[in-house]
Structure formats: structure tokens, C-alpha cells
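Open the model in your viewer and keep the selection tool at hand. The stops below go from the sheet to the ring pairs and end at a loop.

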Amino acid sequence: MREKTLLSFGHGYSAQALTKRLQKQGWRIFATTRSPEKVERFELEGIDPILWPDGDLKEALRSASHILVSAAPDGDGDPILRKLRNDIIGIAPKLTWVGYLSTTGVYGDHDGDWVDEKTPLTPTTERGRMRMKAETDWQSIPDLPLHIFRLAGIYGPGRGPFQKVMSGNARRIIKGKQVFSRIHVDDIAQVLEASINQPNPGAVYNVCDNEAAPPQDVIAYAAELLGLPIPPVVAFDEAELSPMARSFYAENKRVRNDRIKDELGIKLKYPDYRAGLKALFEAGVAKGGLVSRPKSPQSSA
């Protein structure tokens, strides 16, 4: 049955949050993974797993009414289109909705100024350039009901500043007026669900919260919630960072999210990092499991 059937390519953190919402409404979920270990877990969660790129996708492609693409591009382009472009072209007219998870990195550096969905794409990192090309490649497929979601930095249960602080290795890296936009995974899921419920093929949405904030402020707030010492300040030029980590600081911008509110009617559950981190801490999922509240600044979580 083609109605209410999602094929999720690269079924990761954000896709799993959406799946939990859809399964409650009776959706069937096909999900690809490269990990044999995840196949059994997906089955236990009521998902039809496909070990890909070598698994058989015929039933999933024949049944899907909706497709979500989370898989990242590489130096050779988008991995889904590289292998399945003709198949996607063949089923495009029969699909109701296709979502592509991109990144706000496609906008490049704007020295702290605001960007929105109409801002020209001028990525400065290799990852941003690959995402921009992947967006273009998906947009080139005729009759595809494509929706692009440009995600800010993702955090949520088991992912975010709590882990850095609790490791004891966290630092507050300072680089001028650097800010980053963020988004809680539950808010990503509600945006995707809202788009599924009111498709608008060709739409592009920035998915971020209301406050672009300095990364050192976020680390400090996470430490305060945990009752741990606030990590030391380190100047960006003196910080020992991997090339990947350093590249994140190459772009500085504030991202507008008006479109998800105006067109999709979204009211963010976590409008800023403080609301999101506080909710995670109070729910006891700062580490993906239970978190004991420290009794003193020196006690551990």
C-alpha cells in the first residue's frame, strides 16, 4: 500500500525521531543502513530494515509514498542518486513527498549577519559545497515532490554539550563574535511531520531555533546544569582542533527560521538552547540515559 509508507535512506538520528511520530499513526517504515548490527534493532522497533547499498530495495521503492534522505554526500556526489537515480526518476510522479536533509553550511560565512532561504549559496567548506551540489542534483529530477530542509547544529538525547562537559575535556573556545545556530532533534521531527502533512514541492526550509549563540555560552550553561566547574576559556588560535572541528568555525552567521513558522505553523518546543538543555537534564537523558543531579560543583554526573 503506497499511502503512509516512508522509505528512509541513511536512517540516522533525525530520521529515527520522525519515525517514532509516524509509527504512532500507522505508518510503515523502510530504513536503509550500512550496519548489520542495526538491522536487528530496526526489526525490534517495527521497522523494515534494508542493508544497503547491497540489499534489495524493490519492495520499498514500489511501496513508498514518501522518501526521506539523510545520507550525506561524498566526493563522488549523492550516494542515493549515484546508484538509484533512474529508479527515483521512475517513481517520482507517484510520490507524495520527498524530504532532503541538508545543512545551513550551504550559506557559507556571513560574518555574523542573518541569512534566510533566499540568501545565495556560497559555501566555504568542502562539506558545504558537497551539500549544495547534492541539493542541485535532487532538484534536477523531474516531477519529484522535493522539500529541502537546511538543518542547523543538531542536539538532543545522547548528543550535545553534556557529553563534552562530563568527559572532563570540554573547553570554551572563543573566536571573536562567533555564533552558531542549533536545533533540538524533536523540533526537526515536528517540522518534517508538518511538511508531510502539508506538502509544498520545491520548498526550502531553514530548521533552527530562535537564537544563534556563542558556543562557549552553551558549554557554560551545560556545566551549570550539571553542577560541574565551568570549563576553561581557550582562544581559537591556541586551541588544538581537528581539521573537521576547525572548519565549523570558518563560518559565522545567524539563520532565520520564519518560514517554518509562517508556512508550516511550527511552534518550537525548544526555542533556544537553554530550553532544550534544561529539558534534557530534567528528563535525565543528558547522557542518553539517567543523569544523577550533582550535590556539589565537584560531584560528577
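Which residue of β4 does L6 stand opposite? Select L6 and look across to the next strand: the residue facing L6 there is H66. This is a predicted model.

**The sheet**

Now show β1 and β4 (residues 66–69) as a pair; the two strands run parallel and are joined by four bridges.

**Aromatic pairs**

Next, display the aromatic side chains; the structure holds eight aromatic pairs. Begin with F9 and W52: the ring centres are 5.8 Å apart and the planes stand at 65°, so this pair is edge-to-face. F9 belongs to strand β1 (residues 5–9), while W52 is in the loop between β3 (48–51) and α3 (58–63), so the pair ties together parts 43 residues apart in sequence. Buried or exposed, what is F9? F9 is buried, at 0% relative accessible area. W52 also counts as buried, with 6% relative accessibility.

Move to F162 and F281, a tilted pair with 6.4 Å from centre to centre and 35° between the planes. Here helix α6 (residues 161–167) supplies F162 and helix α11 (residues 273–283) supplies F281, so the parts tied together are 119 residues apart in sequence. F162 is buried with a relative accessible area of 2%, and F281 is buried with 7%.

Then select W97, F149 and Y205, which ring pairs link into a cluster.

**Charges over rings**

Select R159 together with Y13: the charged end of R159 sits over the Y13 ring, 4.1 Å from its centre. For K175 and F236, the charged end of K175 sits over the F236 ring, 4.8 Å from its centre.

**A loop residue**

Finish at S181, in the loop between β9 (172–174) and β10 (182–184). Its relative accessibility is 10%, so S181 counts as buried. What does S181 touch, leaving aside residues up to four places away in sequence? The contacts are A152, G153, C208, A212, K253, R254 and V255.

Note on methods. Residues are numbered from 1 along each chain as its sequence is written. This is a predicted model: local features need pLDDT of at least 70, side-chain atom pairs count only at pLDDT 80 or more; totals for chains, interfaces and linings use all residues. Side-chain values use heavy atoms; hydrogens and water are left out. Rings of Phe, Tyr and Trp (its six-membered ring) pair if their centres lie within 6.5 Å; planes under 30 degrees apart count as stacked, over 60 as edge-to-face and the rest as tilted. Buried means under 20% relative accessible area, exposed over 50%, partly exposed in between (1.4 Å probe, protein chains only). A charge sits over a ring if NZ of Lys or CZ of Arg is within 6 Å of the ring centre and within 35 degrees of the ring normal. Contact means heavy atoms within 4.5 Å. Two strands pair if DSSP finds at least two bridges between them.
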